[in-house]
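I opened this one to see how the two chains meet. My notes follow, in the order I looked things up.

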Amino acid sequence: MTTDRLAAVILLILGIQYARQSLTYRGATVADVVGPSAYPLILGTLLALLAVALFVESRPRADGGTFWTRHGRPVVLLGSLFAYTMLLEPLGFVATTFAYLTLSHVWFGERSWLKAAGVGAAVTFGLWLVFDRALNLRLPVGPLGPLP
Amino acid sequence: MSETLQSLLFGFSVALEPINLILAVVGAFLGTLIGVLPGIGPVSGIALLIPVVIGLKPASALIMLTAIYYGTMYGGSTTSILVNVPGEASSVATTFDGYQMAKQGRAGPALAIAAVGSSIAGTLSIIALMLFALPLARWALAFGPAENFALMVLGLSSVSTLAGESLIKALISTVLGLILATVGTDLVTGVDRYTYGIPQLLDGIDLVTVAVGLFAISEVLLVANDVTGEERKVLKVQRVWLSMKEFLESWWAIIRGTVIGFYIGILPAAGATIASFLSYGVEKRLAKDPSRFGKGDIRGVAAPESANNAAAVGNMIPMLSLGIPGSSTTAVMMGALMILNVIPGPTMFTKHPDVVWGLIASMYVSNAVLLILNLPLVGLFVQILKTPERFLYPLIVSVCVIGVYAVGRSQVDLTLMILLGALGYYMRRHDYPLGPAILGLVLGDRMEQAMRQALVISNGSWTTFVTRPISAVILLLALVSLVAPYTISLWRRQPRASAGEDV
């Protein structure tokens, strides 16, 4: 099965499920004759129909390589991004961002750990200066406490 | 006419307030930076700055966002000329002759004509915008919810038609955007829809989260496969200057590019990209010596650069006067306005004249600022272009994380951003256009409200959309825009068989 056909099947299920769930929303009022379910019902039906059309339209086509050779690095990046955002609040902005930047500099091809960490520290400080100090967006401080 | 002039003067009094002037300069600079850097394009760039502008007055916020929008276009042409990497689709046509010129050591004139051409095109189109937008808005004031619903259908369908290779995939992208917009509490009845017990979803999914996830994160995921440790080859710039001869040679290319760009820009969806290719093609066809195109002809830079700037201005017309954005970038700008409680559309001219006219005046200001700011700063941007990707992409990821977190201070938004990033990555790899999804997300709420109000007025009769004449015509246009590409391709396949019937 090609990727497009697999996507079509998933979209079909999604569309049907979305439309079915819309039917559970009730609460028509005087100021609203169709209620909260009509519009999502239309959207879900549309999605399901489009999914069928996608299935019909798609032609079998071989994708080169296995899943990992094609999507390996993006998946690793997604994982690291997930870890970074999960630890952002508990460990604070400074620690997580420094660690994330240093590690990904190396992962993206920097050979010297020292340089990766140096750039990581400088960029972290710069971001903190711009977002926390200048723009006052109050980044999470973490257990080490706020920077002065 | 004098009324327009008066409004414009009022607009300048808004745009030239010191704070707004500073915001325009900062925005123009940031925008150029965004345009020069790979990874963050105009859509995610503007989205990331929404949390920053949220404390400002709506007029100031829109002025800054417009300056950013303008800046990204300038930045995009810089990379097209110096690295042969277009910052966005609308500057692809600039690479044809711009990069060739730079290779021949004529990067200076190429950058200069791009800036001058854009500036002239921008200024002329703003005059046209003033003449078009107000009458169109006056006309649209008479529209009821049925007409507005039809207009949004037309906006979405025409965007889908022109967005990608497969109409079905473009429509799927549109519907996914509309579906994302339904998450959260229903404004009419207070029913929670598709929130699955997650309190952060009650207010709906934030535009910033979607724009950054779909556009910026997916871009980083896409390049993760082929980032090299090497530095990019950036061609040298000697002096950014233009001789009178070069300017006169490009003059008609600039004027034609402006006219083409402006008219293409007004049409929903047919934005800067189509305009730039079209004007490049027109210049090549009109030239006495078309063989010079593609080998470093200055007209090949002047035409697409003027056209994409004029189109960017033309794009503002449907957004300002009808409340229907014509491109993903204007969609994000409109989303920002809605966050600031300004409802775009015909009523904006009367309810928020400072926003509309301040914006129009600030487009003149941004043009001037960019011309003064960018030419001397080309050296700086070249340095930024040389930043190795291994340092650049992690930085972009961090900026996205901070920007999305800043909106709601919630980890849920970040997880959503990552999921949408994965979705955007899949969509890009498999030729689903992303623009329609953003447009769907921005228009979704208003579209549903318009549909329901229209049905209240008609006592629940669905035929109201086709029995009201204006609504019917607009919906017919939407249908034509969807079916036309198919009919044209069928007709081309059998030209003789159908030629007789067509008459």
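**Notebook: where the chains meet**

I began with polar contacts, and the rule finds 16 residue pairs across the interface of chain A and chain B, both residues at pLDDT 80 or more. (A polar contact is a pair of N or O atoms within 3.5 Å; within protein, one must be able to donate a hydrogen and the other to accept it, and residues adjacent in sequence count only if both atoms are side-chain atoms.)

Ground rules for myself: this is a predicted model, where local features need pLDDT of at least 70 and side-chain atom pairs count only at pLDDT 80 or more, while totals for chains, interfaces and linings use all residues. Residues are numbered from 1 along each chain as its sequence is written, chains are lettered from A and ligands numbered from 1 in the order in which they are written, and side-chain values use heavy atoms, with hydrogens and water left out.

Next I looked up salt bridges (a side-chain nitrogen of Lys or Arg within 4 Å of a carboxyl oxygen of Asp or Glu). The interface has two. One of them joins A:Asp4 to B:Lys169, with the closest N and O atoms 3.1 Å apart.

Then I asked which element gives the most to the side of chain A that touches chain B. I found H3(A), with 13 residues. (Helices are DSSP runs of H or I, at least four residues, numbered from the N terminus.)

How much area is buried between the chains? I noted about 5,600 Å², of which carbon and sulfur atoms give 73%. (Buried area is the accessible area, 1.4 Å probe, that two parts lose on being put together, summed over both.) Chain A puts 62 residues into the contact and chain B 57, contact being heavy atoms within 4.5 Å.

I followed H3(A) across to H18 of chain B, residues 411-429. Their axes come within 9 Å and cross at roughly 170°. (Axes are lines fitted to C-alpha atoms, for helices over the stretch in contact, and angles run from 0 to 180 degrees between N-to-C directions.) The two helices are therefore roughly antiparallel, as angles over 145 degrees count that way. Among the residues that meet there are A:Leu78 and A:Phe82 from H3(A), and B:Ile418 and B:Tyr425 from H18(B).

Last, I checked B:Tyr425 against B:Glu219: they are 206 residues apart in sequence, yet 7.1 Å apart in space, C-alpha to C-alpha.

Methods: Parallel < 35°, antiparallel > 145°, perpendicular 65-115°, else oblique.
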